[in-house]
Amino acid sequence: MTMRAMLTGAAIGVVMGGVAVGVSAVAWPDPGTSNSRAETYRQLDLFAEVLARARADYVTEIDEAEAMEAAINGMLGSLDPHSSYLSAEDFSAMQVQASGEYGGLGIEVQMEDGFVKVITPMDDSPASRAGLESGDLLTAINGKPIVGLNIDDAVEDMRGPPGTEIIVSVMREGEDPFDVTMEREVIRPKSVDWKTIEEDVAYIRISTFNERTTDLLEDAFEGIADELGNRPAGIILDLRNNGGGLLDQAISVSDKFLSGGEVVSTIGRRPSDIARYNARSGEVFQNVPIVVLINNGTASASEIVAGALQDRGRATVLGMTSFGKGSVQTVIPLGSDRGAIRLTTSRYYTPSGRSIQATGIVPDTEVAQARVSEEEMARIRRFSEADLPNALTNEDGVEREIPHLPKEQPPEDYEGEDYQLDRALEVLRGGQMSATETPQAG
């Protein structure tokens with residue numbers, strides 16, 4: 001039985017290894033302290049008494065299995081916003097999603113203040129076509145309030161047979177609440193898309209990191225080379241609204257743009273729990289300048305890629321500060337019919353040794369996608385890892401930048417469709433970036 005580590009909010013994941021253990025193998029806190037063990041038993045006894053009281057005296061008969069699952073989720077949720085219990089059904093659904101095909105709306109979500117918050121709608125999905133946006137709060141599903149549900153229950157309610165309709169109630173900053181009707185479908189996210197722009201620049205968008213992402217990226221490289229007949233003059237790697245995915249895919253994608261050297265490291269609870277992941281020699285399109293696009297929907301695995309290319313001097317990062325999820329969740333199977341737990345087991349670090357937990361990747365060139373006034377800034381609801389309940393703090397004591405007017409915004413008379421993309425092209429053409437890697441010590 002294997003464990004898999006996760007790098008996303010409520011959907012996808014990341015690293016293999018380890019062995020699941022039974023209850024008899026669980027170590028108590030401070031194993032050498034009998035007082036600690038006695039206190040743990042006392043709390044378990046208290047829990048059993050509370051359950052018995054509820055079973056005997058609650059106004060209606062309770063579903064004990066459901067109550068126990070809620071208790072487990074409550075315990076894990078009190079640790080941090082990304083640890084949770086997965087029922088057997090949810091565990092199976094997670095495995096299907098990580099494989100690159102699943103049923104639903106095509107949306108990455110995270111629980112916040114009792115609501116489901118949209119991290120990002122996936123490209124060409126019912127959610128994106130319906131106009132859902134990063135930061136939207138989902139308050140009800142088919143008229144049933146979400147408040148009080150855990151994230152897994154809310155996600156389960158959003159899933160269903162392809163072709164069935166679902167009505168989602170939405171709260172959006174600055175707008176009256178509204179309903180969105182969508183039709184569920186089989187989601188086969190095309191995690192990599194590409195095109196050439198201005199004849200010689202390759203635009204590559206990665207929307208998620210599933211088991212097919214690196215293979216699709218290699219296909220994109222072949223298509224670019226065939227279409228251009230040679231190397232592109234520059235590459236724009238778009239990681240905006242990419243909620244993350246599999247760690248091994250983040251590493252292998254970074255590997256394509258690097259020639260040797262560290263990509264990311266992870267450190268767990270114990271000093272010995274250190275792992276370092278390096279790129280192999282031989283990058284694709286060596287020395288071709290790269291601009292990486294990010295925004296506050298860029299999270300987890302996509303932050304690993306952006307951080308690696310930024311730290312290694314291989315790319316200029318342009319856009320807005322990313323989400324700031326610098327932790328790794330390991331999915332630990334509990335048995336064929338008992339589901340799994342998703343547990344935060346380590347933090348990850350960029351090649352320079354920095355943690356982006358709660359702070360995010362700060363772009364080299366800060367560029368907003370849309371204009372915003374000082375008055376609007378005061379009303380904007382913050383949307384980042386640092387704002388989630390029980391979020392881990394940055395162990396270096398670094399705090400996320402406070403909301404501020406972006407250093408650069410679209411001109412008032414801008415009539416284009418994608419200002420950040422336009423600026424990325426200007427940066428490539430102007431040479432305002434690193435075209436080669438910075439030498440690494442080690």
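Reader: What makes E133 partly exposed?

Author: This is a predicted model, and each value is computed from it. The relative accessible area of E133 is 41%. Buried requires under 20% and exposed requires over 50%, so E133, at 41%, is called partly exposed.

Reader: Why is R172 called buried?

Author: The relative accessibility of R172 is 15%. The limit for a buried residue is under 20%, and R172 therefore counts as buried.

Reader: How do you know that R172 forms a salt bridge with E133?

Author: The closest N and O atoms of R172 and E133 are 3.6 Å apart. A side-chain nitrogen of Arg within 4 Å of a carboxyl oxygen of Glu is what the term requires, so the pair R172 and E133 qualifies.

Reader: Why is this pair said to tie together parts that are apart in sequence?

Author: R172 belongs to the loop between β8 (165-171) and β9 (178-183), while E133 belongs to the loop between α4 (126-129) and β6 (137-141); the parts they tie together are therefore 39 residues apart in sequence. Salt bridges with shared partners also join E133, D136, R172 and E175 into one network.

Reader: How many salt bridges does the rule give?

Author: The count comes to 25 salt bridges. Another of these is formed by the side chains of D238 and R205, with an N to O distance of 3.7 Å. D238 is in strand β13 (residues 234-238) and R205 is in strand β12 (residues 201-206), and the pair links distant parts of the chain, 33 residues apart.

Reader: What makes D238 and R205 buried or exposed?

Author: D238 has a relative accessible area of 2%, and R205 has one of 11%. Each value is under 20%, so D238 is buried, and R205 is buried.

Reader: How do you know that the side chains of R276 and E262 meet in a salt bridge?

Author: The N to O distance for R276 and E262 is 3.3 Å, which is within 4 Å, so the pair is counted. R276 lies in strand β15 (residues 274-278) and E262 in strand β14 (residues 262-267), 14 residues apart.

Reader: Why is helix α7 described as largely enclosed by the rest of the structure?

Author: Helix α7 spans residues 247-257, and ten of its eleven residues are buried, so the helix is largely enclosed by the rest of the structure. Among the buried residues are L247, I251, V253 and F257, as well as D255 and K256. In the protein chain, buried residues make up 49% of the 442 residues.

Reader: What makes D215 partly exposed?

Author: D215 has 47% relative accessibility. D215 is placed in helix α6 (residues 213-228).

Reader: Which residues gather with D215 in a patch of negative charge on the surface?

Author: The patch gathers D219, E222, D226 and E227 together with D215. Asp and Glu count as negative, so the patch is one of negative charge.

Reader: Why are the phi values of N142 and F285 pointed out?

Author: Most residues other than glycine have a negative phi. N142 is not a glycine, yet its phi is positive, about 50°. F285, also a residue other than glycine, has a positive phi near 55°.

Reader: Where are N142 and F285 found, and what makes each buried or partly exposed?

Author: N142 lies in the loop between β6 and β7 (144-145). Its relative accessible area is 47%, between the two limits, so N142 is partly exposed. F285 is in the loop between β15 and β16 (290-294). The relative accessible area of F285 is 11%, which is under 20%, so F285 is buried.

Definitions and conventions: Residues numbered from 1 in each chain as written. Predicted model: local features only at pLDDT ≥ 70, side-chain atom pairs only at ≥ 80, totals over all residues. Heavy atoms only, no water. Buried < 20%, exposed > 50% of the residue type's maximum accessible area, 1.4 Å probe, protein only. Patch = residues over 30% accessible without salt bridge, like charges linked within 9 Å, V, L, I, M, F, W, Y side chains within 5 Å. Areas by Shrake-Rupley, 256 points an atom, 1.4 Å probe, with all protein chains shown as cover. Charge placed at Lys NZ, Arg CZ, Asp CG, Glu CD. Helix = DSSP H or I, 4+ residues; strand = E, 2+ residues; numbered from the N terminus.
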